[in-house]
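The sequence and the model come first, and the description follows.

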Amino acid sequence: AIYAITSDKIMIVENEKVTSSISLKEAPSSLSILDNTYEVAVGFQSGNISLLSQNLKQLKLKAKISENKITSITPHLDDPHLFIGDDLGHIYSLNTISKKIVKSKTGHKNQISLSSIFSKTGSKINEYILSHSKGQSIQIWNASKFEPNFKELVKKILENFKTGFFKLKSN
């Protein structure tokens with residue numbers, strides 16, 4: 001399927017036919033298909049984003065991210081958060097569970113686009129977000145440094161569980 005966006009709707013196109021569409025109440029500015037969660041993220045000129053089910057029938061999340069137009073949305077591969085860029089070069093991390101938004105300073109001064117870069121070398125997993133702007137600057141961000149890092153949280157919880165579980169009690 002192909003997802004298409006116009007000034008007032010999102011459409012799913014299959015076999016050269018529109019099979020589903022929804023009308024939007026505000027002007028969209030960005031569309032991202034999230035392969036890791038099978039969801040559709042829409043950024044709006046108002047600075048809002050919406051997260052929809054893959055078939056566009058369920059609104060899963062709506063949030064005000066910025067006062068500026070959203071220009072890019074990319075997911076973290078494993079953690080439940082999105083990286084969002086706006087028209088003034090800011091990057092936001094949105095935890096899709098807690099709805100916590102963290103704004104990061106980028107050094108960009110205008111519209112940015114974001115891409116996720118994840119690779120595995122042996123047991124080492126590399127997690128990066130690439131940002132590039134109209135001003136022709138490129139920056140690479142370590143995605144594991146953004147909050148929350150659920151892999152680190154799960155690791156700590158498991159370690160505490162193992163420590164408590166395997167601890168021998170004295171009589």
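Helices (H or I, at least four residues) and strands (E, at least two) are DSSP runs, numbered from the N terminus. Two strands pair if DSSP finds at least two bridges between them. The model is predicted, and local features need pLDDT of at least 70, side-chain atom pairs count only at pLDDT 80 or more, and totals for chains, interfaces and linings use all residues. Residues are numbered from 1 along each chain as its sequence is written, and side-chain values use heavy atoms, with hydrogens and water left out.

Four strands form an open sheet in the order 4-5-6-7, and their pairing is antiparallel. The edges are taken by strand 4 (28–34) and strand 7 (59–64); each has a single partner strand, so one side of each is without a neighbour in the sheet. From one strand to the next, the twist averages 15°; axes here are lines fitted to C-alpha atoms, for helices over the stretch in contact, and angles run from 0 to 180 degrees between N-to-C directions.

Strand 6 covers residues 48–53 and is joined to strand 7 by 5 bridges. Strand 5, residues 39–44, also pairs with strand 6 over 5 bridges, in the antiparallel sense. Of the 6 residues in strand 6, 6 are buried, where buried means under 20% relative accessible area, exposed over 50%, and partly exposed in between (1.4 Å probe, protein chains only).

S50 faces K62 of strand 7 in the pairing.

| Hairpin | Residues between the strands | Residue with positive phi |
|---|---|---|
| Strand 5 and strand 6 | 3 residues | G47, about 95° |
| Strand 6 and strand 7 | 5 residues | L56, near 70° |

**Residue S72**

S72 belongs to strand 8, residues 70–75. Is S72 buried or exposed? S72 has a relative accessible area of 7%, so S72 counts as buried. Its side chain reaches the backbone nitrogen of L114 at 2.8 Å. Leaving out residues up to four places away in sequence, S72 touches S30, F83, I84, G85, I112, S113 and L114; contact means heavy atoms within 4.5 Å.

Definitions and conventions: A polar contact is a pair of N or O atoms within 3.5 Å; within protein, one must be able to donate a hydrogen and the other to accept it, and residues adjacent in sequence count only if both atoms are side-chain atoms.
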